[in-house]
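Take a moment with the sequence and the structure, and then read on.

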Amino acid sequence: MNNQENFYITTAIDYANGSPHLGHAYEKVLTDVIARHRRLTGRNVHFLTGLDEHGQKVQQGAEKENIQPQARCDLVAAEFLTLCRDLNISNSDYIRTTQTRHKEYVCKLLQKLFNDDLIYKSEYTGYYSKRAEQFLQEKDQIEGEWPEIYGEVEEITEESYFFRLAQYQEWLIEFLEAHDSFIFPRFRKNQVLEFLKEPLNDLCISRPIERLSWGIPLPFDQKFVTYVWFDALLNYISAVADQDKWPADYHVIGKDILVPPHAVYWPIILKACNKELPKHLLVHGFWNISGKKMSKSAGTVVNPLDLVQKFGTDSFRYFVMREMRVGQDSDFSQDQFFIRYTSELANDLGNLVSRFLNMTSRYADQIIPASTVKEEAEVELIQNWQKLENEVFQQFEDFQIQEGLDQIFEFIRSLNRYIETRAPWKLAKSEETADKYRLQTCLASIAEGLRLCALLLNPVMPKISSEITKSIGAPDNQNWIQDAHWGSSLEGSNVGEKMILFPRLEL
Ligand code: MSP
């Protein structure tokens with residue numbers, strides 16, 4: 001592999017109209033795990049996340065609170081930045097769509113499309129709710145009626161600007177058919193092709209400024225502002241406009257914003273501007289609560305920072321990666337979190353580390369001894385490692401993080417079994433020289449096993465990984481390609497003091 005390979009990955013930018021929840025946190029952790037994994041395999045990673053600040057809801061929210069929209073965005077931005085910090089997200093940049101760099105880029109692009117006659121003025125007709133100050137669609141009706149919250153709904157016609165989306169429909173279908181790996185997981189492609197069976201309409205990209213002032217004014221007509229997706233999608237490219245990074249390798253997004261924004265509007269906007277398309281869209285599923293969408297009114301919104309506070313950052317990261325298969329939906333439950341925390345993190349991993357530190361302190365003066373024996377127990381342990389070595393590598397490359405973690409923990413359990421088989425406490429009592437060497441080899445083998453586990457767990461649990469690495473005296477900055485093989489020697493390294501990685505908790 002070329003070690004200098006660039007890798008540009010993005011998350012969706014979160015709406016600045018509410019506080020962060022589990023879905024936002026998951027997407028950031030997933031993207032961060034991929035970014036960290038790619039760094040560990042020698043890629044030069046650029047990782048972008050950010051905030052989507054314009055639009056009706058932000059404007060209305062600010063009016064309600066009697067503050068300026070920008071002030072409200074600043075408050076929300078502070079919350080999301082705290083989320084990134086507390087989740088240990090290693091993003092290289094944070095874009096906010098109210099930043100000058102973004103607004104200038106959007107204007108430049110809109111002007112170009114307008115000059116090329118790809119944006120034109122026409123009339124827009126739709127259902128409008130004065131009370132909610134927004135256009136509605138028929139699907140917003142419940143049993144043929146507009147819900148009470150919308151008040152009186154009328155059909156109105158107004159002038160608007162449109163982007164010539166429809167003329168690219170055939171091109172997009174051909175592109176998707178020819179590029180099977182454009183969307184991960186692959187089954188989602190059919191959903192897009194299904195959508196494209198119906199003729200596309202041109203995309204309305206503006207709102208009159210008297211109705212929506214919190215947006216970017218069109219450079220060719222200041223009486224209008226851009227509307228939602230045209231502004232938001234461009235963040236991926238405006239953020240790297242002065243760098244040699246485009247196209248992105250992966251846009252990580254939730255399934256709700258694949259069709260039409262990311263799989264239809266975005267490729268067509270780029271095509272119309274003669275820009276390269278992103279290489280892939282990585283579409284994850286939704287976290288539900290008892291099979292239902294998280295909902296404010298039902299009080300089921302999960303605050304990720306509560307969980308981080310209770311269980312710790314790395315435990316949170318581990319849980320969401322271990323529990324959800326990338327691309328599928330998952331149900332969140334605190335009980336399940338607690339079970340995984342106790343059995344996998346505290347019992348399997350935490351115990352292994354503390355047993356190792358105890359034994360090395362008791363039987364080897366806190367210095368890792370030499371490995372000199374290779375009997376059945378060691379052969380079996382090394383074979384267990386070698387079976388998973390290449391597989392886990394591929395699983396992380398292919399976003400099968402859940403499966404990768406499962407295998408790593410299988411190996412952690414095999415290290416625990418190895419300790420039981422070798423029973424160092426018995427070997428320590430033996431007078432035989434052979435047993436002395438067995439004991440030394442046992443400690444050295446566990447140290448080597450822990451070094452490998454720490455390395456493989458690094459993308460998911462960076463802090464725990466570095467604590468383990470430090471406590472066994474292994475070098476930092478290891479690389480997944482060069483160093484994830486059995487057989488390094490930590491002989492002579494000083495091990496750290498006893499520590500508890502995952503304190504016992506009550507549910
Ligand atoms: N602002 C738009 C995205 C613009 S991207 C150019 C948006 N924002 S959002 O705040 O509503 O969602 C941000 C991300 O969180 C999206 O990828 C969305 O799919 C994801 N999630 C929102 N709720 C979620 C769950 N319950 N579960 C998992 N992810 C979810 O959409």
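## The shell around the ligand

At least two residues of the shell around the ligand come from each of these elements: strand 2 (14-15), helix 1 (22-40), helix 7 (229-233), helix 8 (235-238) and strand 13 (250-254). Please keep in mind that this is a predicted model.

In total, 24 residues surround the ligand, and the closest are Ile 13, Glu 27, Asp 52, Gly 254 and Asp 256. By residue type, the shell consists of 12 nonpolar, 8 polar and 4 charged residues.

Let us look at some individual atoms. A ligand nitrogen lies 2.8 Å from a side-chain N or O atom of Asp 52, a residue that is also among the closest to the ligand. A ligand oxygen is found 3.0 Å from a side-chain N or O atom of His 24.

How much of the ligand's accessible area does the protein cover? On its own the ligand has 670 Å² of accessible area, and the protein covers 93% of that.

## A look at Thr 98

Thr 98 sits in the loop that runs between strand 4 (93-96) and helix 4 (100-115). Is this residue buried or exposed? Thr 98 counts as buried because its relative accessible area is 12%, and the cut-off for buried is under 20%.

Leaving aside residues up to four places away in sequence, Thr 98 touches Glu 53, His 54, Gln 70, Lys 103 and Trp 214. With Glu 53 there is a side-chain to side-chain polar contact of 2.7 Å.

How values were computed. Residues are numbered from 1 along each chain as its sequence is written. This is a predicted model: local features need pLDDT of at least 70, side-chain atom pairs count only at pLDDT 80 or more; totals for chains, interfaces and linings use all residues. Side-chain values use heavy atoms; hydrogens and water are left out. Helices (H or I, at least four residues) and strands (E, at least two) are DSSP runs, numbered from the N terminus. Buried means under 20% relative accessible area, exposed over 50%, partly exposed in between (1.4 Å probe, protein chains only). A polar contact is a pair of N or O atoms within 3.5 Å; within protein, one must be able to donate a hydrogen and the other to accept it, and residues adjacent in sequence count only if both atoms are side-chain atoms. Contact means heavy atoms within 4.5 Å. A residue is near a molecule or strand if one of its heavy atoms lies within 4 Å of it. Accessible areas come from the Shrake-Rupley method with a 1.4 Å probe; for residues, only the protein chains shown count as cover. Ala, Val, Leu, Ile, Met, Phe, Trp, Tyr, Cys and Pro count as nonpolar, Asp, Glu, Lys and Arg as charged, and the others, Gly among them, as polar.
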